[in-house]
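Me: I would be grateful for a close look at a single part of this structure, followed by an account of its surroundings.

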Amino acid sequence: MSERLSVRKTYKLYIGGAFPRSESGRSYAVTGAKGEFLANASKASRKDLRDAVTAARKAFPGWSSATAYNRGQILYRIAEMLEGRRAQFVSEVAEADGVSGKKAGELVDAAVDRLVWYAGWSDKITSLRGSANPVAGPYFNLSTPEPTGVVGIVAPPMGPLFGLVSVIAPVIVTGNTCVVIASERAPLPSITLAEVLATSDLPGGVVNILTGSAAEMAPWMAGHMDVNGLDLTGADAELAQKCEELAAENLKRVLRPGGKTDWAADPGTARMTAFLETKTVWHPIGI
Amino acid sequence: MTASSNASLRAFLHGLPGVDRVGADARAAMLSTRSIKTSAKRQAIDMAISMVDLTTLEGADTRGKVRAMCAKAVHPDPADPTVPSVAAVCVYPDLVAEARDVVGSSGVKVASVATAFPSGRSTLEVKVSDTAFAVAAGADEIDMVIDRGAFLSGDYLKVFEEIQAVKAACGEAHLKVILETGELATYDNVRRASWLAMLAGGDFIKTSTGKVQPAATLPVTLVMLEAVRDFLAVEGRKVGVKPAGGIRTTKDAIKMLVLVNETAGPDWLDPDWFRLGASSVLNDLLMQRQKLTTGRYAGPDYFTLD
């Protein structure tokens, strides 16, 4: 009996809930921490980016109007599904980062915990950031945080899973949708994460993941007039400056890269509040 | 060709060569893979904008909505005066006067649907008076629907005489004949209906009302473009074509232009001879145009809601 052929996974993009290849047909070789070949990943083009933004925009009305409770449930569901595929993530993270299985296991656990942590925030952030304002007139005056819209994310090059989850979760838990440019160096866990997202009741288009060159795609994302926010966590100084200049045209909210981020530290609410806008409503009293 | 009786019309229309369905589909699909980029794309976008019949045909149309649409027809992008006006606006007869008032002498034509649009189920008197009303209100063009029931049951003379009667009621106004290809079932019927409409005096043949799916598909438009090309060769009169309904993106519009150029020829690449009946495609054309001008992807937040 002949030896069984190995079945290897094709890593594609994640756009609008589907897994298409890049429109450009390009791919690039991904290597592990020691330089060994791991797999070929799709190299997304600016047209894939445009399609991803269209998908994110289409998903925004539904996702932002879902109840906070429902969004929290779905984030928790993502954590459950991630936990269920723990072994696969551990081996992918170990290969990509060149860390031991034990260390990789801790990173995957931390990513699951981070999702659960953000899931809990879904129906609490409004209480924290909203207020009933005393005003000198016959009005109830209420301020509430609202999601910004479509957020473009340049994911951190280090921390292919934990870092990625730590930038996606705070953006979507408040009702934004996003387009993520995954780590160019270690994109494989991001596509496996996409498989988790696709089976977690998360509506298609809420998270779109592109693999490829951040330097090539990020400026198009920063200039795109239908993107409302930009998280430049994974951009180097030169790329970040270029993106910020382009983002000024339609006044995108920009989260600047803050040097080396310690993902294990308590993240606080800063990543959530960066992509919230405050809406204040005046209700007349006694009419 | 004289249309003295149903039998002679039938003999002529059924004597037309049949359409190779698979061939028409394959040719339309092949032509739609043409890649139009950079300066050619820019030219195509401007041409497509100048060919749009900006349309609102809803029960909920108001005078205000028509006025807003007409203002947009004259200046599609108020921030960029280099954007051409569209070819025409298309409204229901009772709103023609309102549209006429806004477009004025801008060169944008006012088209009106008539003849019991969209079903065409009424008496000839009603259809003729509907047409006369729209013309009197100031319509430059009349979009009539044919009686599909009569056509499908083989009563070609009835359809022929209705088109002639409406044409007579149009006077100076141009007549576009809507075939409603989505209800004609076969490409052979599309070819026959095209010839019937042209023989009866239609100045344009139009695919659909926009109320029936499928509407303006590429193969159907291909068959109609072949019909106007052949009609010019045989009868010596040039007739225009207007695909309407289902054209939503710049890519759809450019595919149509390629089809015109390759089928009827470049003589038809003119708003007098080819129109795109659509509403949502205009914003996409403007967004693509802005992308070429500014080098950044445009967003729908910066264009009108309509």
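In which strand of chain A is A:F140 found?

Reply: The model is a predicted one. In it, A:F140 is found in strand β4 of chain A, which covers residues 139-147.

The surface comes first. A:F140 has a relative accessibility of 52% and therefore counts as exposed, since the term applies to values over 50%. A:F140 also belongs to a nonpolar patch on the surface, in which A:L142 and A:I285 are the other members. Together, the residues of this patch have about 280 Å² of accessible area.

Rolling a probe the size of a water molecule over the atoms shows where empty space is left. Two cavities of 30 Å³ or more are present in the structure.

The largest cavity has a volume of about 60 Å³. Its lining consists of A:I78, A:L115, A:V165, A:I168, A:A169, A:I172, A:L193 and A:L197. Two helices of chain A, α6 (162-173) and α7 (188-198), each supply at least two residues of this lining. The largest share is that of α6(A), with four residues. Sorted by class, the lining holds eight nonpolar residues, no polar ones and no charged ones.

The second largest cavity has a volume of about 30 Å³. It is lined by A:A155, A:P156, A:G159, A:P160, A:L164, A:A182, A:S183, A:A186 and A:S190. Here six residues are nonpolar and three are polar, while none is charged.

A pocket, unlike a cavity, is an open set of points. The second largest pocket contains about 470 Å³ of space. It is lined by 22 residues, and those closest to its centre are A:M158, A:G159, A:K260, A:T261 and A:W263. Helix α4 of chain A (residues 101-121) gives the largest share of the pocket lining, namely four residues. By class, the pocket lining divides into 11 nonpolar, six polar and five charged residues.

Over all chains, the structure holds 40 salt bridges. In one of them A:R57 is paired with A:D226, and the closest N and O atoms are 3.1 Å apart. A:R57 lies in helix α1 (residues 46-65) of chain A, whereas A:D226 lies in the loop between α8 (214-223) and β8 (229-231) of that chain, so the pair ties together parts that are 169 residues apart in sequence. The partners can also be described by their accessibility. A:R57 is partly exposed, as its relative accessible area is 22%. A:D226 has a relative accessible area of 5% and is therefore buried.

Chain B also contains salt bridges. The side chains of B:K176 and B:D143 meet in one, with 3.1 Å from N to O. B:K176 belongs to strand β5 (residues 174-178) of chain B and B:D143 to strand β4 (residues 141-145) of chain B, so this pair ties together parts that are 33 residues apart in sequence. Both B:K176 and B:D143 are buried. These residues also take part in a network of salt bridges, in which B:D53, B:E141, B:D143, B:K176, B:K206, B:K242 and B:R275 are linked.

Another salt bridge of chain B joins B:R237 and B:D203, whose closest N and O atoms are 4.0 Å apart. B:R237 is located in the loop between α10 (218-235) and β7 (240-242) of chain B, and B:D203 in the loop between α9 (187-199) and β6 (204-206) of chain B, so the pair ties together parts that are 34 residues apart in sequence. B:R237 has a relative accessible area of 27% and is partly exposed. B:D203, at 15% relative accessibility, counts as buried.

Terms used
Residues are numbered from 1 along each chain as its sequence is written. Chains are lettered from A and ligands numbered from 1 in the order in which they are written. This is a predicted model: local features need pLDDT of at least 70, side-chain atom pairs count only at pLDDT 80 or more; totals for chains, interfaces and linings use all residues. Side-chain values use heavy atoms; hydrogens and water are left out. On a 1 Å grid over the protein atoms alone, a cavity is a set of points where a 1.4 Å probe fits but cannot get out, and a pocket is an open set with protein on both sides within 12 Å along at least five of seven lines; lining residues have an atom within 4 Å of a point. Grid points are joined across faces, edges and corners, and a volume is the space filled by probe spheres set on the points. Ala, Val, Leu, Ile, Met, Phe, Trp, Tyr, Cys and Pro count as nonpolar, Asp, Glu, Lys and Arg as charged, and the others, Gly among them, as polar. Patches are made of residues with over 30% relative accessible area and no salt bridge: like charges are joined within 9 Å, nonpolar side chains (Val, Leu, Ile, Met, Phe, Trp, Tyr) within 5 Å. Accessible areas come from the Shrake-Rupley method with a 1.4 Å probe; for residues, only the protein chains shown count as cover. Buried means under 20% relative accessible area, exposed over 50%, partly exposed in between (1.4 Å probe, protein chains only).
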